[in-house]
Amino acid sequence: EENAASLRSRAPERLIELSGFSDVEGICRVDAAEDRFALVEESLHTTPEAIEAYWKAAFVASSQAGSIGVQGTLENREALRQLTRGVDAVVHCAGAVRGVTHAQFDRVNVHGTAALAQAAREQTRPPRFLALSSLAAREPHLSAYAASKRRAEDALSAGAGDMDWAAFRPPAVYGPGDRELLPLFRSMARGWAPIPGAAEAR
């Protein structure tokens, strides 16, 4: 089985770990440039059969891209240790965007971020850590999602120790293969563009 050391021998410049992909296209697209690790978070809303089929396709895609796929979830400490071993940087993109309760969002966004940060911090040479947060984190009272993103940043700040870290707050994340914003773009293509709030609030 390949590990970080063997992967580094092929790409000595840098080794970057990326967590969180919602589709196989994402693995192919992101990993085509250089060797990386990829942890794919299992969805809460899918069947065991769908998960198995997804993993098979994901590992084929990551292998073709020259990367190593690490199967697991953000609750699997051993997978997280394997994922962060020997990497130069962690780009943490895994996150829950669907849910109702604080607990549903916190499971991935807060506890998952804290667990991955701990695994990275405990490495012999801790990597730099970039967490994909959300602009919603600046107003945690707005929703359970917003609150979870702010708590994730707080958890990272509290648990990073001497590890270099940063949290990036984009207003939205979309691209090829994305389904979350597809209804909005379809609406705009038909000539309907919702503009919430007063003009002076934007």
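Predicted model: local features only at pLDDT ≥ 70, side-chain atom pairs only at ≥ 80, totals over all residues.
1. Helices and strands here are DSSP runs, numbered from the N terminus, with at least four residues (H or I) for a helix and at least two (E) for a strand. His92 is buried, with a relative accessible area of 2%; buried means under 20%, exposed means over 50%, and partly exposed lies in between, using a 1.4 Å probe and protein chains only.

2. Residues are numbered from 1 along each chain as its sequence is written, and side-chain values use heavy atoms, with hydrogens and water left out.

3. Now for the overall layout. The protein has eight helices and six strands, and from the N terminus their order is α-β-α-β-α-β-α-β-α-α-β-α-β-α. Of its 202 residues, 38% count as buried. Among contacts (heavy atoms within 4.5 Å) with a separation of 6 or more, 66% are between residues 24 or more positions apart.

4. How do helices α5 and α6 meet? The axes of α5 (residues 102–109) and α6 (residues 111–121) come within 3 Å and cross at roughly 15°. That makes α5 roughly parallel to α6, since angles under 35 degrees count as roughly parallel, over 145 as roughly antiparallel, 65 to 115 as roughly perpendicular and the rest as oblique. The axes are lines fitted to C-alpha atoms, for helices over the stretch in contact, and the angles run from 0 to 180 degrees between N-to-C directions. Asp106, Arg107, Val108 and Asn109 of α5 make the contact with His111, Gly112 and Thr113 of α6. Within α5, the residues Phe105, Asp106, Val108 and Asn109 are buried, and their cover includes α6 and α7.

5. Have a look inside, too: there are two cavities of 30 Å³ or more. On a 1 Å grid over the protein atoms alone, a cavity is a set of points where a 1.4 Å probe fits but cannot get out, a pocket is an open set with protein on both sides within 12 Å along at least five of seven lines, and lining residues have an atom within 4 Å of a point. Points are joined across faces, edges and corners, and a volume is the space filled by probe spheres set on them. The largest cavity has a volume of about 80 Å³. His92 from point 1 is in its lining, as are Asn109 and Ala167, among others. Helix α7 (144–159) and strand β5 (128–132) each give two or more residues to this lining, and α7 gives the most, with four.

6. The second largest pocket has a volume of about 320 Å³. Its lining includes Leu135, Arg138, Tyr174 and Phe185.

7. Finally, which residues does Trp165 touch? Trp165 lies in strand β6 (residues 165–168) and is partly exposed, at 34% relative accessibility. Leaving aside neighbours within four places in sequence, Trp165 is in contact with Phe129, Glu153, Leu156, Ser157 and Ala160. The C-alpha atoms of Trp165 and Phe129, 36 residues apart along the chain, are separated by 4.5 Å.
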